[in-house]
Amino acid sequence: LADTLVPYAALWALMIHLVQRGASYWITLAVAVVAGGLLVRLFILFHDCCHGALFDSRRANTVTGNILGVLTFTPFAEWRRLHGIHHTAAGDLDRRGTGDIWTLTVEEYRAASRGRKLAYRIVRDPFLMCLVGPAIVFLVIQRFPYPGAKRREHLNVWLTNLGIAALAGALVWAFGLRTFLLIQLPVTVVAGAAGVWLFYVQHQFPGVYWARRAAWDPIRAALDGSSYYRLPAVLRWFTGNIGLHHVHHVRPRIPNYRLRKCHDETPELRAVPPISLWQSRRCLRLNLYDEPHRQLVSFRSLKAGPPAG
């Protein structure tokens, strides 16, 4: 927490100084990229709190998670429940739709109306998914309770909103609306784009495991339905080792700072083939799940016919 919150606050102070002194905005944007990386790391710490993994104490996880929820624009109680559903249903074709990237099978897409096809293509567009989508989710959608939210979650959403408003209001009062927006917006865009891309690659990659409920295997879903995204050391730090996503899905209560040790000491986990940063670019072409052939395919493949094999 200290090695993330302290530099994050320091970079905010630096960006405030740069904006108010009239320095080139490009310098501020460069600093915002690093601050955005730290915001991603704060979200990983928030994520660990949701799993009860950052501390031994449930209360410490809850208190810290709610504080980090204000900084990451994410209500703790509601996100904890929705993310828990994701963990119990990842890779299950019959339980898609909560806490995951919208994924249709080839047959579902072919049978969809023109409007539904258009909406799906918009959601799966890389630019919109990584840049526009996160801003809508974190700044707008998460300001309101999710359908089916419990009373406690409703309250948590509004208290998180109150915390966000208080923090933003204090910064605006002290430094002005212009300064606040010139800093907060690029930091949010960088963190949101990186976060969504990480989540996308974690469950949308060549060879990913999906199965219908009757045949769904939770261990296979963890090992073969969650990627091992092998990132450079500096990015592993900023992302809290979440690239070891197969390890995380096997045992969600392993904290981020133990994932690497667990991976290295467990042969079954080391056997999962990694995806490099360069290789992950191929994931952008995977848009639909071909159920008969058990693989993700591109929109273009629909014109080329079914894949061989």
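## Lining of the largest cavity

In the largest cavity, the lining residues comprise eight nonpolar, seven polar and four charged. The structure is a predicted model. The volume of this largest cavity is about 160 Å³, and of its 19 lining residues, H86, A90, G91, D100 and W210 are the closest to its centre.

Two helices, helix 4 and helix 9, each supply at least two residues of this lining. Helix 4 gives the most, with three residues.

## Second largest cavity

The search of the whole structure finds two cavities of 30 Å³ or more. The second largest cavity holds about 50 Å³ of space. Its lining is formed by Y228, Y229, R230, L231, R236, T239, N241, I242, G243, L244 and R260.

Strand 2 (residues 228-230) gives the most to the lining of the second largest cavity, with three residues. By class, this lining divides into five nonpolar, three polar and three charged residues.

## Largest pocket

The largest pocket contains about 1,400 Å³ of space. Its lining consists of 44 residues, and D100, V137, Q142, V196 and F199 lie nearest the centre of the pocket. Two or more lining residues come from each of helix 2 (25-50), helix 4 (76-89), helix 6 (114-124), helix 7 (126-139) and helix 9 (177-203).

Helix 9 accounts for the largest share of the pocket lining, eight residues. The lining of the largest pocket has 28 nonpolar, 14 polar and two charged residues.

Technical notes: Residues are numbered from 1 along each chain as its sequence is written. This is a predicted model: local features need pLDDT of at least 70, side-chain atom pairs count only at pLDDT 80 or more; totals for chains, interfaces and linings use all residues. Side-chain values use heavy atoms; hydrogens and water are left out. On a 1 Å grid over the protein atoms alone, a cavity is a set of points where a 1.4 Å probe fits but cannot get out, and a pocket is an open set with protein on both sides within 12 Å along at least five of seven lines; lining residues have an atom within 4 Å of a point. Grid points are joined across faces, edges and corners, and a volume is the space filled by probe spheres set on the points. Helices (H or I, at least four residues) and strands (E, at least two) are DSSP runs, numbered from the N terminus. Ala, Val, Leu, Ile, Met, Phe, Trp, Tyr, Cys and Pro count as nonpolar, Asp, Glu, Lys and Arg as charged, and the others, Gly among them, as polar.
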